[in-house]
Amino acid sequence: MASLDGPGTAPVRNYLADNDPRKRFELADRLARVYDRCLLYRPDWIREWERGETPHWQAGLWRRLMEGITEPSHWVAAIDAFRDATVSCGEVHNGPRRASFFGVAALSPSYLDLLRQAGERIDIHLYLLSPCREYWSDIAPRRVIQRRADPLDPAEEYRTEGNELLGAWGKLGRDMQALLLQAELSTGTPVEQYDEPQRGTALGAVQRDILDLRLASDAKAADPVPTDDSIQIHVCHSAMREAEVLHDRLLGLFDAHPDVQPADVLVLTPNIVDYAPAIEAVFAAAGVIPFNIARPRASATRAVQAFLDLLALPDSRYGAEAVMAPLESKAVREKFRIGERQLSTLREWVDQAGIRWGVDADHREDEGLPRFDGHAWRQGIDRLLLGYAMDGETAMFNDMAPYSTDSAGFSGDYELLGRFVDYCECAIEMRALRNEVQPAAEWAETLHALVERFFATDWENAGETATVARLIEDVAAECEVDTPVPFGVQRDVLGRAATGLSRPAARLADGVTVVSLGIGQAFPADVVCALGMNDRLFPRRPSPSSFDLVDADDELTGDRNSRDEDRFAFLEALLAARRCFLASYSGRNVRDDKPMPPSVVVDELRDYLERRFGTGFDTEHPLQPFSRRYYDPDSDLWSYSASMLDAARTLAGHAEEETDAEARGRFTVPFKPVTGEREKRVELARLIAFFGNPTRAFLRDHLGIRLEVDEIALAEDEPFKLDGLGQWALKSEMHSFDAGEEVKRLVTARGRLPAGGPGEVVYEDMRADIREFQRALKPYEKALSADPEDVGVDIGDYRLTGAVDNVAVVDGGERYQLLRWRIGRIRPQDRFGAWLELLAWVAHRKVEAQAHLVCLAPGEVQRAVFEAPDPEEALEQLEMWLDAWWRGTGQLLAFAPGASMKYAERFERSQDLEGAWNAACDEWNGERAFDGLRNAYVSLAYDGEDPFDEDQFADLAETLLLPLLGAQRKLAK
């Protein structure tokens with residue numbers, strides 16, 4: 001801090017005011033990068049600083065660093081010493097006579113100066129990639145020319161633009177060429193050798209345009225070439241889809257060009273962490289194309305990520321997700337003998353035990369919050385253990401309610417509970433590290449002990465665990481001082497080391513090679529593919545430091561710029577391709593299919609291709625690999641996947657068997673009807689559940705598809721209010737007991753209520769609703785206390801069995817009253833349930849009856865009553881529902897609870913078919929239509945298409961629901 005005096009230091013001093021060691025380390029790291037840039041690109045500044053000629057604080061801090069060092073060993077001192085030595089020494093008799101440099105895209109001016117000096121004594125040979133055989137050091141992109149050139153002189157504009165792609169992407173190479181041609185840096189007369197690109201293809205034409213420095217418009221007139229597939233741009237929805245498209249396109253190239261082998265393919269991506277797993281998953285699953293992926297960043301491995309997650313805990317809030325995150329690593333799970341399938345059980349325990357964040361009350365006090373242990377890990381663990389030790393729904397211990405999966409006590413896996421508690425205790429004990437300060441060598445021992453405690457070392461996990469150990473050793477080896485290091489700094493250093501690219505690079509000539517996209521990474525290959533060309537990902541957009549002197553200075557020739565490096569790397573990739581260049585990006589949102597922009601280099605390439613050849617290079621892919629478009633002979637898409645073909649045939653309803661041309665073009669028959677002998681027997685409860693979502697029932701029962709997500713997303717903040725699901729759970733729990741003070745104590749102990757005043761407000765609101773609901777149910781006490789009664793009805797070939805709950809005799813035994821109730825709004829499914837129970841009861845007993853539906857909606861009680869038809873009509877109505885059920889068990893049924901009910905209600909009021917159909921469609925597509933397109937099963941079955949044939953839909957809604965609506969009357973509140 002003492003060195004940070006003078007103008008411009010206030011922001012830095014404010015940044016360090018809290019004396020946070022992590023901030024000091026971050027500032028030191030940033031300053032080191034700034035000084036490194038100055039050493040390489042502004043060596044004259046360093047010399048001025050050391051002479052004391054510069055007053056700013058960066059120079060003062062540099063002089064402070066150099067105090068006491070009589071012989072500096074930094075880069076500028078080294079090149080100055082080398083210059084002095086070459087001047088003073090005579091002819092060199094020992095040592096190498098020649099030095100050669102290969103694959104170097106750019107060198108700093110100071111490094112070229114060093115080579116010039118060395119070139120006076122020995123031969124220096126630079127082998128550089130030059131994309132153009134003309135003089136191209138003074139060309140520039142059109143946007144730069146328009147800012148700088150005289151608009152009245154178009155000849156000047158033409159002369160300085162050259163080739164559009166070379167102007168946009170070649171700045172790094174232009175600067176290198178300019179530096180080499182400067183007199184003081186010249187290393188001799190260059191020897192040029194260029195290979196002519198392949199003729200007759202679009203790729204060869206583009207490469208030749210760059211080689212000859214021609215504009216697209218001029219090249220089009222002088223060398224017309226038709227559009228072909230030697231350059232391809234693919235628009236996909238995700239990294240996985242890009243990998244799937246790549247696999248199919250490579251198979252297509254291998255078929256079209258038998259001499260092209262997998263070893264002739266180079267795949268480049270700027271995001272190897274995300275794209276390497278996708279490519280590996282697709283290529284390994286197919287098992288057709290051999291591949292070799294350069295080892296991604298160390299943090300991409302599950303074990304290293306789990307290690308970093310563990311190190312993040314000591315300074316964290318101990319959120320529920322944060323503590324559970326390390327268990328995603330197999331090595332950690334196996335250490336505590338927790339199976340992968342058991343994770344969903346553990347997450348459910350954590351959620352139901354009310355764990356949100358914080359270790360205990362002391363931890364929250366350390367965080368500057370009031371002492372409160374509700375929704376913390378200690379309380380949650382105690383609740384889990386009490387659930388094992390105690391029985392009973394209302395059991396309490398020290399104002400704490402045990403967690404149990406049923407009323408008889410904890411019915412889960414006791415041994416799993418013990419192992420999970422052991423893991424949690426180990427994770428909580430890590431808090432002790434947050435204040436530790438140790439030298440690097442001691443930190444290595446501490447961290448190795450941590451690995452031994454949390455990671456399995458058996459033969460299955462030894463490799464990943466060894467990766468963590470190597471990371472620790474690598475960081476320890478780089479620390480050359482014994483200065484004590486705080487835990488936070490040590491953790492940050494490990495995190496940065498884990499994000500660096502690991503070695504070795506991919507091996508060549510044994511399959512498709514997948515490496516990171518960067519300068520010097522591309523090598524000549526028949527096929528070059530650039531994946532992940534997404535906006536804001538490539539080229540990079542680093543944020544410079546406010547005190548970076550090089551960034552603040554005027555740009556000089558040869559200054560390093562990451563955006564220019566990435567653009568030149570893309571140019572190298574394009575020039576490296578011999579037969580085909582393929583670029584892909586995620587250009588469609590996976591959720592709403594909205595377009596997303598590509599990297600600017602793809603847009604520039606696309607614009608150039610349009611001016612040079614016209615359109616025809618873009619291919620847009622559907623969201624799913626089993627889309628019918630891949631197998632349509634009239635489509636420009638194709639796929640080699642037999643399994644995806646089977647899926648496409650299923651979704652298309654075996655369209656080749658259809659006779660109606662229009663039906664073949666739409667998903668009106670998404671699934672082939674189920675045939676074969678089936679029993680026409682159904683239970684009443686299952687019949688009611690079927691009409692709650694016929695599409696889900698069909699996919700589950702006949703295709704075995706289950707789309708429910710078992711894994712719970714854990715909340716990490718204690719509740720201050722309850723969402724709809726939380727209100728439903730609390731109301732259900734309060735209704736099952738007497739909503740008095742004892743229940744309040746119980747639900748509070750179970751973690752159902754927010755803490756403090758918000759909890760009081762929520763409870764009082766819920767209690768008022770429950771009391772109103774209980775008053776509404778008071779007239780039905782006889783029905784509520786009645787035992788379930790069996791029903792059995794034979795109607796034609798159908799057999800309906802089951803039981804009806806809550807039935808009472810009223811009006812002196814002349815009539816039956818059925819009650820159906822639930823906490824929540826009245827839904828179409830609730831009305832179906834009440835109506836079907838009423839029909840079954842009347843058809844079975846041959847009596848008069850009513851069905852009453854009572855539901856507790858937010859802030860009100862909703863009621864409806866259904867008058868039963870006579871027994872004969874009840875049988876007829878029930879048979880129509882059974883006919884619909886039977887059709888729906890063999891194929892998708894043109895029925896959706898919400899949309900069908902909207903249609904029937906609108907049609908009953910107005911007899912307007914078009915208005916009723918529009919109301920049904922609005923419900924189908926609406927935000928709250930959970931049985932419409934927002935439902936996962938419905939979305940899968942219909943793939944966003946129009947759901948039903950209008951006539952079939954209307955006929956079924958009218959047949960089933962108009963009698964229901966005619967028998968329904970709403971009761972006053």
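E914 sits in helix α39 (residues 913-925). Helices here are DSSP runs of H or I with at least four residues, and strands are E runs with at least two, both numbered from the N terminus. The model is predicted: local features need pLDDT of at least 70, side-chain atom pairs count only at pLDDT 80 or more, and totals for chains, interfaces and linings use all residues. Residue numbers start from 1 along each chain as its sequence is written, and side-chain values use heavy atoms, without hydrogens or water.

**Negative patch**

E914 has 57% relative accessibility, so it counts as exposed. The classes are buried under 20% relative accessible area, exposed over 50%, and partly exposed in between (1.4 Å probe, protein chains only). E914 belongs to a surface patch of negative charge with D912, D949, E950, D951 and D955. Patch members have over 30% relative accessible area and no salt bridge, and like charges are joined within 9 Å. Asp and Glu count as negative. Each charge is placed at CG of Asp or CD of Glu. Which helix gives the most to the negative patch? Helix α41 (residues 950-967) does, with three residues.

**Salt bridges**

A salt bridge is a side-chain nitrogen of Lys or Arg within 4 Å of a carboxyl oxygen of Asp or Glu. By this rule there are 49 salt bridges. Three of them are listed here.

| Pair | N to O distance |
|---|---|
| R47 and D44 | 2.7 Å |
| R214 and D209 | 2.9 Å |
| D794 and R799 | 3.0 Å |

R47 and D44 are three residues apart in helix α3 (residues 43-50), so about one helical turn separates them. R47 is buried, with a relative accessible area of 19%. D44 is partly exposed at 48% relative accessibility. Both residues also belong to a network of salt bridges that links D44, R47, D80, R83, D113 and R116.

R799 is partly exposed, at 27%.

**A polar contact in a strand**

Q232 lies in strand β3 (residues 231-236). Q232 has 7% relative accessibility and therefore counts as buried. The side chain of Q232 makes a polar contact of 2.8 Å with the side chain of H234. Such a contact is a pair of N or O atoms within 3.5 Å; within protein, one must be able to donate a hydrogen and the other to accept it, and residues adjacent in sequence count only if both atoms are side-chain atoms.

Methods. Patch = residues over 30% accessible without salt bridge, like charges linked within 9 Å, V, L, I, M, F, W, Y side chains within 5 Å. Areas by Shrake-Rupley, 256 points an atom, 1.4 Å probe, with all protein chains shown as cover.
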